[in-house]
Amino acid sequence: MSTKDDELLKELALEEYKYGFTTDIEMDIAPKGLNEDTVRLISAKKNEPEWLLEWRLKALRHFLQMDMPTWQNFEHPDVDFQDISYYAAPKAKPQLDSMDEVDPELVSTFEKLGIPLNEQKVLAGVVAVDAVFDSVSVKTTFREKLKEQGVIFCSFGEAVQEHPELVKQYLGSVVPQTDNIYAALNSAVFSDGSFVYIPKGVHCPMELSTYFRINAENTGQFERTLIIADEGAYVSYLEGCTAPMRDENQLHAAVVELIALKDGEIKYSTVQNWYPGDKDGKGGIYNFVTKRGICKGDNSKISWTQVETGSAITWKYPGVILKGDHSVGEFYSVALTRNKQVADTGTKMIHLGKNTRSKIVSKGISAGVSQNSYRGLVKIGPGAENSRNFTQCDSLLIGDRCGAHTFPYIENRNKTAKLEHEATTSKIGEDQLFYLTQRGIDPEKAVGLIVNGYAKEVLNQLPMEFAVEAQKLLAISLEGSVG
Amino acid sequence: MITQVSDSLYSQLIKTYGGNLPSAEPRSLDEIRKQAFERFKSTGFPTVKNEDWKYTNVQPLISQHYELDAEPSLVAVDLDGANIPQLDAYRVVLVDGKYHAGLSDTVDMPGLSIMPIDQAFERLCFAKYFAEFADKTDNPFVTLNTALFTAGLFIEVGKNTQLSKPIHVIYVSNARQPVFNQVRNLYVISTFAEAEIVESFVTDPQAARSLNNQVTEIVVREGAKFQHYYLQTAASQGSYLNHTEVYQEKHSLYNNYNCTFPGPAFVRNNINVRLGDSEVESHLYGVTLTADNQFVDNHTIVDHIHPHCESYEWYKNITQDTSTAVFNGKIFVRPDAQKTNAFQQNNNMLIGEKSAVYTKPQLEIFADDVKCSHGCTIGQFDNEALFYLRARGISEAQARVLLVHAFAFDVTSRFANTVVREYVEHLVEEGL
């Protein structure tokens, strides 16, 4: 490595986090600490029915009995669960009817983030947005238009009030309260999130999107997303996230549950750009998320796409349970880590039904002194006749101090299944760089080009608007990282 | 990780050896044994909660009763099973882990010493290398072996010595009562020496159950070359835990060919290779053919510590009936190991209706200027290929044999010794 490279690497480390501002807004924050009273308080604030409170309390009791896992490929930070406030919301206001009633401070925050809440300003109207500020859903756009088709897209709190039967039927059916310690925590204290229901045979007319923003200090964000595609329904859902720059670490422990019934299809895309901490690894978000979908009916499909560039520690395995015959699960991921970031991510594909197919494409990029791990499970049950899996996980190393790891678990109990797995690790080819620079492209742009090409297979899966954002995000994160 | 003390083998071991470990040896060894025993006492036997033993449940093995340190009954030892046609080799026979002079060839080659391990305690290289490598891993069976081994083999190939013919080591399980054998080997291939060792595992038809906990430490010194074959052909009474720890010095070459055939009920192989200096090359090949209710688990670690090294690993599993095959291959590339070239491939063919394959090809890479890749596939007989062959008048059974041969060819074709290769191909055919 030449000195020039080192300089560029240094620059890369200093690359600013442009969403690091905070918003001064009147907040309603619960006192720190976690106990039954906290849970009761949250439940009361949300005006929840008795069964949900009981459900939360059950989760809390499980949480208190569970130990931290030790299998992960990073040092688990000490999280003091008593030093976190479990509820933060912009000061309560009566139900909002129109845009004018939303706190202008909030509107401008989301505008800074590039999320137009103002419906009139969205020209083509292809994306409906649910904005979640700290733990509370602020505004959901285009609700009326979606309602015409019978699509329910609202905050989780509203869904509990307006569609309790759906929530009761599906909540916790994919990620039970006891799934893991953070899922248990989330189940106990989740404050809001998004709820989507697409009725039978409806092809959702626009992309649905949630934008998560952590703003308050010393709070954790625990939102819950539940998406149900009924028979023959289709929905594409996007999720984006940012947080201010702070010296302390903040915890984000969300749970996402997807349910696809017969012939249903859900496409879930994430562009995760939580604050990653500074170059010394100070601050940043702990992103410990449980995401899982179930292809319940025959011929259903669930597809996860994720672009992970933020967070001090990313720890999640979006998975699909392929229960219905002929169902399809997909996982596309780009995870970029730099400075002292850590990513331990991958997927779980559980094949139970006949003729089920899954495809995994994971691209890891590590720079600086970061550690990037792919951990995946492909499990073929005894009854999963003729199932098929293809897995590809590639790692790109930029700099000689970073690490790339793969932990693929492959378990097959059916003799008619076909599985393939391949993985490569390499650095950016000097010949590729030479080819581009020789044609007058400066090294920085050349690296951007190569990395974007490397990640193309995944980026192509993103809806148009997000693909552009993700591409930019990768380019910004990589500026000056000639390896 | 702590096992219940009610485990019969565990409590039996603690009761028998708690106060008096095998001794009459150099003082230094006493200390090593004592520490190892303490370590084993605190960890106990591994359970499936332990990541390295996730798919491998040893509880049924250790909850049975065994005779500890039984004297071998030398009534007629049947060695036919270990015979490799046309192999001209120095034969070394261990009956229930103990060196048997009567059945072994006398070796008078200068530069080559073969002896029971308890006669090697005074040797310089024993003191230097014993328990230096295997005990650094956290395999409880290794610490148990270090604490309690009573027999085994010491082989030293002297400086610049090139063996004219291979050494064929035969382990016969012969005891008429259930035994727990702990065998400990140390092989030192000195600088610029070349050696070839073939190890066969067989069972006397009259033998009772046996649990064999074997540890082999191997040092391949500068510029040395070592071809190492494992041929696991024991019968179903046998259960094997076989840990091989290899340490390689500069410019050395180590090739391991690890073959398991239908027979032993339980096999767990740990093969760890540490590339302790630069310009080192290692190859690990494996063919596993399982049948009935067999359980075979191959765990390998290739540890690249220094730059400019190459490793190449290829394991093939073929599972029949209700058998299970496990493969776990780890490749580490340490921060200084630039210019590493590491390759790993694991292919599996499921034939048995109820057979299972669990595989975990794992890479951990801390250096950027490296070329590392791994691949893994699971499949079965290609029906079109079967049809192609049958349409040409080849019987179905014959066609299957052909296809399995073709599947295993990538590995068998790498065998340096053609006599062993033919023998292995024959065993594959027989095992189908």
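Two strands pair when DSSP finds at least two bridges between them, and strands here are DSSP runs of E spanning at least two residues, numbered from the N terminus. With that in hand, take a look at where the chains meet: β23(A) and strand β19 (residues 356–365) of chain B are joined by six bridges and run antiparallel. At one spot along this pairing, A:Ala404 stands opposite B:Ile365 in β19(B).

Some housekeeping. This is a predicted model, where local features need pLDDT of at least 70, side-chain atom pairs count only at pLDDT 80 or more, and totals for chains, interfaces and linings use all residues. Residues are numbered from 1 along each chain as its sequence is written, while chains are lettered from A and ligands numbered from 1 in the order in which they are written.

Back to the chain contact. It takes 32 residues from chain A and 31 residues from chain B, with contact meaning C-beta atoms, placed from the backbone, within 7 Å. On the chain A side, β22, β23 (403–412) and β24 each supply at least two residues. That side splits into twelve nonpolar, twelve polar and eight charged residues. The classes work like this: Ala, Val, Leu, Ile, Met, Phe, Trp, Tyr, Cys and Pro are nonpolar, Asp, Glu, Lys and Arg are charged, and the others, Gly among them, are polar.

Now for β22(A) itself. Eight of the eleven residues of this strand (residues 388–398) are buried, so the rest of the structure largely encloses it. Buried means that 20 or more other C-beta atoms, placed from the backbone, lie within 10 Å of the residue's own. Its pairings within chain A look like this:

Over in chain B, the domain assignment gives domain 1 (73–382) and domain 2 (383–432), with bounds that come from an automatic or database assignment. Their C-alpha centres lie 24 Å apart. Across the boundary, 26 residues of domain 1 of chain B are in contact with 23 residues of domain 2 of chain B. On the domain 1 side, β8 (194–203), β10 (225–232), β12 (253–260), β14 (281–290) and β16 (310–319) of chain B each contribute at least two residues. The largest share, four residues, comes from β14(B). By class, this side of domain 1 has 18 nonpolar, five polar and three charged residues.

Key:
Contact = placed C-beta atoms within 7 Å. Buried ≥ 20, exposed ≤ 12 C-beta atoms within 10 Å, placed from the backbone.
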